[in-house]
Amino acid sequence: MSRVRFKKGEQRKFIVHVLEKLNCPSLRALNQFGFEVPYSTLKNYFSEARTLPEELFKSLCYLSKVSPYEPEIERLKDHWGQIIGGVKKKVGRKKN
């Protein structure tokens with residue numbers, strides 16, 4: 001599952017914009033549109049602790065009629081965090 005990364009502060013603005021377009025009073029009300037995302041995960045997306053999955057991003061854009069090219073985003077490859085962690089782990093090893 002690939003992810004999208006926004007500039008700092010832009011992910012929150014995007015989610016607020018989507019909520020306004022959908023006339024949702026809160027994040028919790030977003031699940032009425034059929035998203036199977038737990039509220040705690042939505043809060044993590046809102047506080048920018050996690051990056052949005054690309055499928056959720058596309059669904060939000062479709063429902064709110066926002067162009068997926070409107071916000072400035074970076075598409076991340078699958079397992080991007082694991083790749084970086086593996087490289088760091090390999091560098092730190094000592095040879096016997």
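Modeller: Helices here are DSSP runs of H or I with at least four residues, strands are E runs of at least two, and both are numbered from the N terminus. This is a predicted model, in which local features need pLDDT of at least 70 and side-chain atom pairs count only at pLDDT 80 or more, while totals for chains, interfaces and linings use all residues. Residues are numbered from 1 along each chain as its sequence is written, and side-chain values use heavy atoms, with hydrogens and water left out.

Colleague: How many helices and strands does the chain come to?

Modeller: The chain has four helices and three strands. Starting at the N terminus, the order of its elements is β-α-α-β-α-β-α.

Colleague: And what share of the chain is buried?

Modeller: Of the 96 residues in the chain, 31% are buried. Buried means under 20% relative accessible area, exposed means over 50%, and partly exposed is in between, using a 1.4 Å probe and protein chains only.

Colleague: What about the contacts with a separation of 6 or more?

Modeller: Of those contacts, 68% are between residues 24 or more positions apart. A contact is heavy atoms within 4.5 Å.

Colleague: Now the helices. At what angle do the axes of H1 and H3 cross?

Modeller: Roughly 35 degrees, and the axes come within 9 Å of each other. H1 covers residues 10-21 and H3 covers residues 54-64. The axes are lines fitted to C-alpha atoms over the stretch in contact, with angles from 0 to 180 degrees between N-to-C directions.

Colleague: Which residues meet there?

Modeller: H1 brings Phe 14, Val 18 and Lys 21, and H3 brings Phe 57, Leu 60, Cys 61 and Ser 64. By type, five residues of this contact are nonpolar, one is polar and one is charged. Ala, Val, Leu, Ile, Met, Phe, Trp, Tyr, Cys and Pro count as nonpolar, Asp, Glu, Lys and Arg as charged, and the others, including Gly, as polar.

Colleague: Stay on Leu 60. Is Leu 60 buried or exposed?

Modeller: Leu 60, a residue of helix H3, is buried, with a relative accessible area of 4%.

Colleague: What does Leu 60 touch?

Modeller: Leaving out residues up to four places away in sequence, Leu 60 touches Phe 14, Val 18, Leu 30 and Phe 35. Phe 33 is 27 residues from Leu 60 in sequence, with a C-alpha to C-alpha separation of 9.8 Å.

Colleague: Glu 54 next. Where is Glu 54, and what is its accessible area?

Modeller: Glu 54 is in helix H3 too. Glu 54 is buried, with a relative accessible area of 12%. Not counting residues up to four places away in sequence, Glu 54 touches Ser 2, Arg 3, Val 4 and Arg 75. Between Glu 54 and Leu 76 there are 9.0 Å, C-alpha to C-alpha, at 22 residues apart in sequence.
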